[in-house]
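Work through the exercises below with the sequence and the structure at hand. Each task is followed by its solution.

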Amino acid sequence: MPIETVELRNVSKRFPGVLANDQVNFDVHAGEIHALLGENGAGKSTLMKILYAMYRPTEGEIFINGKLAELRSPADALANGIGMIHQHFQLVPGFTVVENVALGLKSSRGPLTDLDVVTKRVQELATQYGLSVEPNALVWQLAVGQQQRVEIIKALYRDASLLILDEPTAVLTPQEVKEFFDILRRLRDAGNALIFISHKLYEVMAISDRVTVLRDGRVVGRVKTADTNQKELARMMVGRDVITRWDKPPAQQGPVVLKIEHLSAANDKGITAVRDFSLEVRAGEILGIAGVSGNGQRELAEAIAGMRRATAGTIWVDNQNVTNQSPAQVSASGVAFVPEERMTMGVVREFTVAENAILETHAYPPLANRGVFDFGQINDHCTRLVREYDVKTPSLDTPVKSLSGGNIQKLILARELDRAPRLLLAAQPTRGVDIGATEYIHKRLIEQRANGTAVLLISEDLEEVRALSDRIAVMYEGQIVGIVSPDSKMEDLGLMMAGIKGNDANPSTC
Ligand SMILES: Nc1ncnc2c1ncn2[C@@H]1O[C@H](COP(=O)(O)OP(=O)(O)OP(=O)(O)O)[C@@H](O)[C@H]1O
Ligand SMILES: [Mg+2]
């Protein structure tokens, strides 16, 4: 039976040292997109994992269509019509789309499901909701946005009529978000119920019908989207007004810190992703790289950081050639790196908060002297980082894997931004981070600039790039198509990002 309403009543969840959900009441109806908002660590994912029966609540009950439901496992939740699209997809990369959908299905005709039947249904679902994806494509060949569609198709195939979407747009480009919202509207209009989590308030305003705001595990507000605005939502979440525009003093540009000459590098599939790329970033400026993801930004950052081989060209930091040096050597040359793939490249998940906070810096004074750790210093240092960057953690000894997603991000940022580097490489620094923390990170990036650090900011968020950068380099297919001022029109930037328009002032780079 399709879901009409799902209700969580007085749900609490206690983890060691944390009350992640505190007497939460929440409901969602067929034909509605209900947004769940809250700062990092507010308890959004935990609440959704309870609904999807990945966690048992410490207290409280779930009602489906008015009846008390005893959900013992995600399989149970799915059997009751509840599907969850995880942020880290659970697809088998070497299988096709159809094989992934068929995986785990019970067949009436022996152990093997008839793939033709599955293919037909996948195509029907794809047409009905605009979830266009090639059924016979191998999953590893698909863009992230398409993999997400496969996850949605998988849930719909199993008759889910409530879809839980935990930060689905965090992995999408602005163009993909538009298409994704069209899909969500179709799903809603067809009578499904959707729960949508995002840190982007304009997304919540654009797509939801109602909003529930959590703070410290408790519901602090519930409004109809039509009756509210971004400012009010921000205030509900954080308890104060949030700054989104910065008045920066003019840049005090110093000498060239980063100089890249004719750099080329390949992506994971061995295809050239950065081609004959040249750029200079000076001390005291923020150079923003704008571009649709997948145009070589990530490979560029990794090549600079020593995490990806340069196949041609030279990278200089402070006149020192760092091309193809190890990450540790590059780091020792004064380069701090906030990677885009923070969950895998930025932390050791099994290590504690304190251990992760001193990764890379631990071998140097003041934290160590001639190879001997100074635990008092380490403790003071970590306590300060956690406090200043507002990392929500029960203690310094908590394993990083039990922190909320955004708090892991904040911890990495704390470690890297605190180093007073010569060059700061920041890739998508505020992705997955709440608005209060975004404000703080922006402030720190501007501080770094004032202190004479050369900042290379890579971001898909055009608002962010424009608000922070002194110059914007637009990247398309591994090259810079133009360098423009942050006052350039959004439409012009958009056209350049699509590779349609170059920079007239700088035609040689087109
Ligand atoms: N498995 C776990 N073990 C221990 N503590 C946990 C676990 N999962 C979550 N927590 C804690 O519960 C609190 C809520 O975390 P949750 O992941 O629900 O936050 P969130 O609102 O989803 O945050 P974010 O926006 O950063 O994703 C956090 O303090 C977190 O550290
Ligand atoms: Mg979360």
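**Exercise 1.** Find which domains give residues to the shell around ligand 1.

Solution. Domain 1 (5-238) and domain 3 (348-418) both contribute to this shell, so ligand 1 lies between them. The domain bounds come from an automatic or database domain assignment. The model is predicted: local features need pLDDT of at least 70, side-chain atom pairs count only at pLDDT 80 or more, and totals for chains, interfaces and linings use all residues. Residues are numbered from 1 along each chain as its sequence is written, while chains are lettered from A and ligands numbered from 1 in the order in which they are written.

Next, list the shell. It has 19 residues, with Asn40, Ser45, Thr46, Ser404 and Gly406 the closest; a residue is near a molecule if its C-beta atom, placed from the backbone, lies within 6 Å of it. At least two residues each come from β2 (18-29), α1 (44-51) and α14 (405-417). Helices (H or I, at least four residues) and strands (E, at least two) are DSSP runs, numbered from the N terminus.

**Exercise 2.** Determine how α14 and α15 are oriented to each other.

Solution. Start with the angle: α14 and α15 (residues 435-450) pack at about 15°, and their axes are 12 Å apart. Axes are lines fitted to C-alpha atoms, for helices over the stretch in contact, and angles run from 0 to 180 degrees between N-to-C directions. The two helices are therefore roughly parallel to each other, a term for angles under 35 degrees.

Then find the contact residues (C-beta atoms, placed from the backbone, within 7 Å). α14 uses Gly406, Lys410, Leu413 and Leu417, and α15 uses Ala437, Ile441, Arg444 and Gln448.

Conventions. Angles under 35 degrees count as roughly parallel, over 145 as roughly antiparallel, 65 to 115 as roughly perpendicular and the rest as oblique. Two residues are in contact if their C-beta atoms, placed from the backbone, lie within 7 Å.
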